[in-house]
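Please find below a note for a colleague who is meeting this structure for the first time.

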Amino acid sequence: MSSQPSASFDAIVVGGGHNGLVAGAYLAKAGLRTLVLEKRATLGGTLETRPLADGKCAPGLFHTVGRLRPSVARELGLRGHGLKLVAPEVRAFAPQPDGRAVTLWADAARTADELRAWSRADGAAWVEFDRHVRALAAFIASLNDATPPATSGGSVGDAITGLLLGRAFKKLSKDDARQLLRILPMAIADFVAESFESDPVRAAIAMRAVAFTALGSWSMGTTAALLADSAGNDGGAAGQTVYAMGGPGALADALAAAARGFGAEIRTGAEVLGVTTADGRVTGVTLASGEEIAAPIVASGLDPKRTLLGLLPPLELGPNLRWRAGNIRQPGRVARVNLGLSTLPVFPAAGEPEEASRRLRGRILVGATGIDDMERAFDASKYGRVSEALLLEATIPTLVDPSLAPDGGHVMSVIAQYVPYRLADGTWDADAREALGDRVVARLESVAPGISALVTAREVLTPVDLEAEYGLTGGHPYHQEPSLDAWFAWRPLVGHARYRMPVAGLYLVGPGAHPGGGVTGAPAQNAVKEILADRKRR
Amino acid sequence: MAQRYDAVIIGGGHNGLTTAAYLAKAGWKTLVLEKRRILGGATTSDEIVPGYTFSVLSYVVSLLRPEIIRDLELAKHGLEILPLDGTFTPLHGDYLWRRDDHAATMREIRRWSATDADAYEEYGQLMADMARFIKPILGMVPPDPTSIDPRDWLGVLGLGRDFARLPERQQAAFLGLMTMSAADFLDQWFETEPLKATMSASGIIGTFLGVRSPGTAYVLLHHYMGEIDGAFRAWGFQKGGTGAISYAIASAARALGVEIRTEAGVSRVTLTPSGDRATGVVLESGEEIAANVVVSSADVRRTFLQFLEPGILPEDFEAQVRRFKFRGSSGKVNLALDALPTFTTNPGGTEYLRGAVSISPSLEHMERAYDDAKYGRFSRRPYVDIVFPSLVDPSVAPPGKHVMSCFVQYAPYNLAEGALDWDNQKEAFGNVVIDLVSEFAPNLKDVIVEKHVVSPLDMERDWGLTEGNIFHGELSLEQLFFSRPIPGWARYRTPIRDYWMCGSSTHPGGGIMGANGRLAALQLLKARKTKVA
């Protein structure tokens with residue numbers, strides 16, 4: 001039994017994750033009566049600060065926010081809503097089994113200096129490599145800003161896009177331009193090998209290229225993933241490391257405050273069951289409570305498979321699109337482990353305590369010992385197994401933000417790469433989850449001996465948990481694999497890369513849309529431009 | 001110096017011979033220099049065991065360009081392709097047999113999965129459509145991406161326009177083919193493991209990639225490209241062995257006036273004193289030959305690093321040549337047999353051996369074979385593609401006897417540190433292949449008369465294939481089209497005037513196509529403003 005529509009809005013945003021909030025804020029800012037509906041009790045989705053059992057707080061899925069689009073932060077006035085970002089001078093620290101380490105700094109000259117300890121040639125190569133990555137990433141960034149062109153027909157708008165892209169392409173030097181087309185599809189293993197000879201240096205750079213993907217360091221397309229990660233941040237080849245004070249949830253809070261400030265209404269605990277349609281147009285949404293809310297525009301922050309197959313009435317899709325949507329690849333390969341620690345663990349490779357506390361402020365890369373070592377960790381996951389030698393990206397946010405551990409001590413947040421969503425033997429039950437936690441701690445022990453004795457609280461989220469907790473189909477943090485088959489004008493699907501879903505009035509604003517995943521707000525910002533353009537046209 | 005040629009071609013493989021024939025057809029005085037005693041390069045046959053003729057390296061043909069067959073009248077010169085009928089995938093206790101009889105194939109797939117049988121028809125249609133769309137690329141000269149000359153872009157723009165007109169479903173399929181792994185692409189359609197595994201195999205042949213590596217789906221198309229020429233079947237054998245294809249092109253070339261010399265290895269290309277222009281070649285014998293144009297059909301590393309003195313090329317260009325990826329990944333095991341082997345589970349008769357026999361039981365089998373190679377050792381359980389040409393063409397073996405050709409992947413040229421070199425593990429490699437096939441055909445060992453193993457190192461030493469790469473360089477997306485062999489140098493020219501390329505390192509890559517040789521010749525004639533006859 002359904003009740004009468006309770007209220008009417010100009011636009012409804014499904015999902016109060018960070019892209020949903022960005023969309024809600026921009027729509028409200030443009031004067032639309034906007035409602036954001038979030039199923040969970042808290043806002044922000046994966047952008048969350050979670051309590052640990054020992055009273056400390058830890059990040060939900062993403063632990064750094066350096067790729068947040070500066071224009072989003074500026075236009076939504078996030079600083080005024082309490083957002084404070086801190087970027088330590090160190091970007092990544094990769095301890096090695098022999099007690100040495102590769103450290104990448106924000107300052108390219110400093111990185112180059114330190115890399116000389118690995119190889120003179122590598123030290124010499126860094127500055128040019130960093131420049132090259134920045135030049136190519138700047139081109140990708142201009143792609144990311146644009147709504148992809150339509151692949152069928154062709155319109156004036158597309159011609160303009162083409163022109164803009166052409167201009168960005170022209171900004172590249174002739175050599176960079178020629179190289180771009182060669183480099184984009186490359187495996188990261190080959191790309192780093194063209195500049196560096198030390199395996200640990202190659203691996204430390206390559207980690208970012210495979211993060212959150214089901215790709216190995218030898219997989220084609222991983223260089224594009226690295227450039228996408230470098231696009232729109234200041235990190236160049238070292239990558240970004242930026243913390244939101246108060247944890248990632250503080251960014252979600254600022255986004256929600258901004259949205260409300262522009263007049264958007266936000267409801268939590270409001271699960272959307274489906275989108276209602278009439279005559280091929282969106283008419284509103286139905287909630288799990290049975291409530292129906294009318295609106296001519298629905299912007300979905302859910303993943304594309306959930307949006308197309310879960311929200312829409314099946315008849316609206318047709319068999320062809322159903323088949324294609326069903327084949328959207330979402331192979332989650334990432335697990336999360338958060339640790340409450342009584343004191344700062346000792347990483348011998350980071351040097352004396354004072355020096356260590358400086359070097360450990362960035363991303364700590366465990367397992368970045370060599371390209372083939374990385375590939376072996378990947379191999380196991382292809383067959384549904386968890387490697388003994390997982391790749392870890394850890395942060396200790398309490399080094400820059402002690403507020404996360406009010407009673408002292410530290411928090412370590414670990415993203416474990418190459419943990420398959422589907423296990424070949426067994427399922428992700430409590431035993432498997434704890435075994436994974438043990439494996440991650442043991443892996444940390446290899447570079448920070450004694451760390452296990454410091455653990456005061458531990459939370460493990462497997463890919464299946466990430467799916468249940470955050471509604472990520474397949475457990476994929478990017479809503480869809482960021483490989484070349486789901487890129488730019490064909491992300492999430494050919495014919496639907498311009499944020500418009502197959503029913504008029506339905507839009508995709510989450511990372512399943514161009515330019516993809518991570519804490520950027522970019523897909524939502526791009527999508528709202530299209531929503532407003534369509535609205536003007538009507 | 002005895003005489004001066006308009007063009008000297010280095011290398012008498014199928015591409016070198018094709019270039020020569022086209023140049024001669026336009027009236028150029030042309031000489032082909034082949035280092036080996038027999039012509040054909042990797043497109044070759046040899047009677048290695050008395051009475052048995054092996055297609056030593058490449059063993060089937062599908063993509064030989066129909067315009068070349070027509071222009072050079074190859075049928076008159078002995079080209080005769082016999083059909084290769086279907087693919088048999090033996091399994092433990094069962095098999096999957098697809099053949100040219102469509103109804104039979106559908107029945108067979110339906111035996112495995114009704115969904116797959118339905119999907120198979122649709123898939124075949126879609127792939128045929130895709131092949132028709134993509135084929136013009138094979139006849140196109142890639143523009144320099146930074147070029148602003150609209151004429152350079154006509155072909156690509158036309159393709160872009162055609163793409164915009166494709167139905168969405170075909171656009172999606174095309175983009176998937178260009179970017180996905182063969183396994184992911186096939187996973188969209190099928191559920192039957194041996195079917196997916198066997199189909200995926202065509203995506204990895206000759207590459208250092210696995211069936212789960214992005215970029216391998218593209219090659220799936222090649223199976224459908226040959227098919228739609230009408231004149232041709234998807235895959236076939238040349239009568240008398242693969243070498244007869246080269247001999248047909250050579251015969252056509254000679255008829256057009258081309259001079260061909262074998263056992264005439266080139267040691268270097270001669271240049272003007274300023275070093276910016278080619279003037280001819282010096283043979284290993286010391287003999288000098290003058291020419292207005294030198295065209296190399298050797299791979300890009302040999303073309304630039306072996307035939308030229310160091311320091312001649314721009315530094316940046318040379319660096320790019322050095323990083324061009326070869327990474328040979330395959331080997332051959334050629335067997336002379338007393339009789340045909342019998343596969344334990346078979347459909348009866350010998351009909352099923354007239355096509356390919358593919359050892360590809362599952363995607364995991366395929367992928368694990370690749371895992372071994374990634375870390376520098378040959379696959380402990382490889383993928384093997386077997387043919388028995390003597391069943392279709394009895395002329396290649398003594399009466400009642402047979403030749404068995406096993407293409408094996410993976411056999412990485414670059415072996416792990418500490419491993420035995422190829423000369424010392426070739427024997428073990430051959431045995432692994434024979435043992436694996438024997439699991440499915442237990443009497444194999446009893447019928448072997450002689451075995452001949454070709455390692456990637458042999459391919460490099462004996463055929464000049466750098467690092468044993470059968471395609472003159474990896475056919476991965478970053479080494480195709482605009483970027484093959486070097487970004488900005490995809491138009492058969494080199495930084496040295498009058499020194500050109502026409503081998504498989506150039507667009508559109510390897511395989512017995514001849515397209516490279518033809519396109520290079522046409523570009524050269526155009527540059528020299530010679531009318532094409």
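1. Basis of the note. This is a predicted model, in which local features need pLDDT of at least 70, side-chain atom pairs count only at pLDDT 80 or more, and totals for chains, interfaces and linings use all residues. Residues are numbered from 1 along each chain as its sequence is written, chains are lettered from A and ligands numbered from 1 in the order in which they are written, and side-chain values use heavy atoms, with hydrogens and water left out.

2. Chain A. The chain contains 17 helices and 19 strands, assigned as DSSP runs (H or I of at least four residues for helices, E of at least two for strands) and numbered from the N terminus. Its C-alpha trace spans about 65 × 55 × 50 Å along the principal axes. Of its 538 residues, 63% are buried, that is, under 20% relative accessible area with a 1.4 Å probe and protein chains only.

3. Chain B. Here there are 18 helices and 18 strands, and the C-alpha atoms fill a box of roughly 70 × 55 × 50 Å along the principal axes. Buried residues account for 65% of the 533 in chain B.

4. Domains of chain A. An automatic or database domain assignment supplies the bounds: domain 1 covers 7-47 + 67-83 + 248-329 + 476-537, domain 2 covers 89-238, and domain 3 covers 334-367 + 377-419 + 422-461. The C-alpha centres of domain 1 and domain 3 of chain A are 32 Å apart.

5. Helix α12 of chain A. The buried residues of α12(A) are A:Leu317, A:Leu321, A:Arg324 and A:Ala325. They pack against α11 (304-311) of chain A together with α6 (168-179) of chain B.

6. Nonpolar cores. A nonpolar core is a set of buried Ala, Val, Leu, Ile, Met, Phe, Trp, Tyr and Cys residues joined through side-chain atoms within 4.5 Å. The largest has 106 residues, and those touching the most other members are A:Trp126, A:Phe129, B:Tyr123, B:Phe185, B:Phe190 and B:Leu221. Apart from this core lies another, of 77 residues, including A:Val285 and A:Val503.

Note on methods. Buried < 20%, exposed > 50% of the residue type's maximum accessible area, 1.4 Å probe, protein only. Contact = heavy atoms within 4.5 Å.
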